[in-house]
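I am opening a notebook on this model and will write down what I look up, entry by entry. I begin with a term that I need before the first check.

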Amino acid sequence: MTTCPDFEAISADVDGESPPEAAAALHAHVEGCDRCRRQRAQLLVLKAGIRGSVPDHHASEALRRKLEALAPASSPSSHRALARRALRWALPAAAALLVVVGGGIALSRWSRVGRESFESQLVGDHILNALNHEKPLHVVSDDPAVVEKWFQDNVDFGVSLPRLPGSRVTGGRLCVLGGRRAALTFVDVGDHRLSLFAMADGKAGAGPRCADGVQGFSVCRRSARGIEYALVGDLPGPELDRLLADGIAGRADPRDGHP
Amino acid sequence: MPSAEPMTEREFVDMAMAHVNRLTRFARRLCGDADRADDFVQETFIEGLKRRADIRDPSRLLPWLLRILQTHYLQDHRRSERRLHLLESAPVHIEPFHDLEQEILGGGFSDEVEVALASLDEEQRIAVLLADVEGFSYEEIADVMGSPIGTVRSRVARARAHLCEKLGTAARERGIGGGNRR
C-alpha cells in the first residue's frame, strides 16, 4: 500500500474489522508512515477514552423490583407445563384430579400475586416519587389544567384529571405501571401528599375498590370514561375514595367541558 | 442455539435480568438521565415480553434487547427534539492532533469526551458506544441497529472523526498543542 488508507479503514482496523488481506497491507503502510501511525494511535487512545468516560451504571433496586414484577414468580403456564409432565406418568384419574386442584391453586395464586403486585407498585411509586422525591417532576405547575395538558401531549390516552376537592396540584411525571404508561400527578390535601395515577383502563367496567394497609398506605381505584384512576396516600381508604369519586364526578359536570 | 419452544414470561424476565446493568448503562449513556433510562429499560422489557416468541437464539438476547431499547430511544428522541442532520455522504478527512493522546490518557479530557459524545448524531453515537463501550463487533452492531455492516463501519468512523475534531478544538482552546495541527 503506497497511498495513505482513508480514515474509515484505519478506524475499522482499530476495531479489528479489517479483512485479513487488507489488514496486512494497512499495517505495513502504517509502520512506515508517521501520519498514519499517529492517526491509528490516536484512534486507539480515543477508543479507550470513550470506554473510560462511561461510568458503570447499575440498575437501581427500584427498577429491578419493577422488572421482576412484570412476570409472575410462578406463572400459570409453568403450572400447566408441570401438569403436562405429571400426566405422562400418573394414572388418568389422579392426573385429572391434579390438574383440577393444581389449576385452581395456580389460578388463585396468580390473581392474588397480580393484585398485590400492582397495588404495591402504586405505593412503591408513591413513596419513591411523591414522598422521597427520588425522581424529578416532568411538569411543575399548581394549575391542574397545565399538568393535564402536558399529559395529554405526552401519553396516547386522553387524560382528564379529577379535581379533588380542597386539593392543590404541584406537578406530575410519567411512569410505567403494570406494563401501562401512567400519568402521575402530585396532589396536596392539607398536610397530606397524595399520588393520583391515571392510565388507560385495562379492565373496563371494574368497580371502585380500596385497599388499606398496603405498606402503611391506602390505595383507591376507580374507572371513568376509559381511564383508570388510582389515588394513593396516608388518608383512610374511605376518605381517599370519597375524594376520588368527587373529583371524577366534578369532571363529569357538563359545565366543566368534560361530559 | 435456536430455542425449540417460546420461553415463558418468567424465563424471559430471568434471562433479561442478567443484562439489566448493561441495558441501564447503555440507556443512561444514550439519554443522560437516570429516570428516562429506567423508563427505556422498562419499556424494553415490556416489549420484549410481548415479542419473546420472536427470539430465535437466547444466547443473542442482549443485542435483541439493545435493538428494542435503541428503537424506543430513537422514536422518543425524534419526537421530542430536532434531529441533527449530518452529511453522511461527505468523505471523512481528519488530521491527527498532536498531544491529544496524552490529554485523553491522562484523564484530563473526560468531561470533553462526554460533551463530544453528546454532540454526535444519534445513530453515530449508538454505533460508537456499541463498538467502544460494549465491545460489539460490526456484525453485532448491524444486528442491533438494523443496518448493513458497511453503514456501521461508516457511522463509527464518522463518529470518531467528529470526536477528534471536537477534542482537538477543546485542546486548542485550552492552549494544549496549539499550532500542532498537521
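**Entry 1: helix lengths.** I take the expected span of a helix as 1.5 Å times one less than its number of residues. Helix 3 of chain B covers residues 34-51, and its 18 residues should span 26 Å at 1.5 Å a residue; I find the end C-alpha atoms 25 Å apart, which agrees. I then repeated the check on helix 3 of chain A (residues 34-53), where 20 residues should span 28 Å, and the end C-alpha atoms are 28 Å apart, again in agreement.

Entry 2: At its N-terminal end I find a cap from Asp33(B), which has a side-chain oxygen 3.0 Å from the backbone nitrogen of Asp35(B). For helix 3 of chain A I listed the buried residues, among them Cys36(A), Arg38(A), Gln39(A), Gln42(A), Lys47(A) and Ile50(A).

Entry 3: I count eight helices and seven strands in chain A, whereas chain B has nine helices and zero strands. Buried residues make up 43% of the 259 residues of chain A, and for the 182 residues of chain B the share is 53%. Of the contacts with a separation of 6 or more, those between residues 24 or more positions apart account for 55% in chain A and for 75% in chain B. I also noted the accessible surface, which is about 12700 Å² for chain A, with 57% of it belonging to carbon and sulfur atoms; chain B exposes about 8300 Å², and there carbon and sulfur atoms supply 48%.

**Entry 4: nonpolar cores.** Which residues have the most contacts inside the largest nonpolar core? I find Ile50(A), Phe12(B), Val41(B), Leu130(B) and Ile141(B) in a core of 70 residues. Helix 4 of chain B, residues 61-80, gives the most to this core, with nine residues. I followed up Ile141(B), which touches Ala127(B), Leu130(B), Ala131(B), Phe136(B) and Val152(B) once residues up to four places away in sequence are set aside. A second, separate core has 26 residues, including Phe157(A), Val159(A), Ile227(A) and Leu235(A).

**Entry 5: His126(A).** I looked up His126(A), which lies in helix 6 of chain A, residues 92-131. Is His126(A) buried or exposed? Its relative accessible area is 0%, and therefore I record His126(A) as buried, the cut-off being under 20%. The side chain of His126(A) makes a polar contact with the side chain of Ser195(A) at 2.6 Å. Beyond residues up to four places away in sequence, His126(A) touches a set that includes Ser195(A), Phe197(A), Phe217(A) and Val232(A).

**Entry 6: Val219(A).** I then turned to Val219(A) in strand 6 of chain A, residues 217-224. Val219(A) also has a relative accessible area of 0% and is buried. Val219(A) and Val123(A) are 96 residues apart in sequence, yet I find them 7.6 Å apart in space, C-alpha to C-alpha. Leaving aside neighbours within four places in sequence, the contacts of Val219(A) include Glu119(A), Leu122(A), Val123(A), Cys210(A), Leu231(A) and Leu240(A).

**Entry 7: confidence.** The mean pLDDT of chain A is 75, with 73% of its residues at 70 or more. In chain A the pLDDT is below 50 over residues 74-116, a stretch for which I note 15 contacts in the model beyond near neighbours in sequence. Residues 253-259 of chain A also have a pLDDT below 50, with nine such contacts. For chain B the mean is 79, and 75% of its residues reach 70 or more. Within chain B, confidence is highest in helix 3, at a mean of 93, and lowest in helix 5 (residues 100-105), at 55. Residues 82-90 of chain B have a pLDDT below 50 and 14 contacts beyond near neighbours in sequence. I keep in mind that where pLDDT is low, predicted coordinates should not be read in detail. For the model overall I record an ipTM of 0.76 and a pTM of 0.52.

Key
Residues are numbered from 1 along each chain as its sequence is written. Chains are lettered from A and ligands numbered from 1 in the order in which they are written. This is a predicted model: local features need pLDDT of at least 70, side-chain atom pairs count only at pLDDT 80 or more; totals for chains, interfaces and linings use all residues. Side-chain values use heavy atoms; hydrogens and water are left out. Helices (H or I, at least four residues) and strands (E, at least two) are DSSP runs, numbered from the N terminus. Buried means under 20% relative accessible area, exposed over 50%, partly exposed in between (1.4 Å probe, protein chains only). Contact means heavy atoms within 4.5 Å. Accessible areas come from the Shrake-Rupley method with a 1.4 Å probe; for residues, only the protein chains shown count as cover. A nonpolar core is a set of buried Ala, Val, Leu, Ile, Met, Phe, Trp, Tyr and Cys residues joined through side-chain atoms within 4.5 Å. A polar contact is a pair of N or O atoms within 3.5 Å; within protein, one must be able to donate a hydrogen and the other to accept it, and residues adjacent in sequence count only if both atoms are side-chain atoms. pLDDT is the predictor's confidence in each residue, from 0 to 100.
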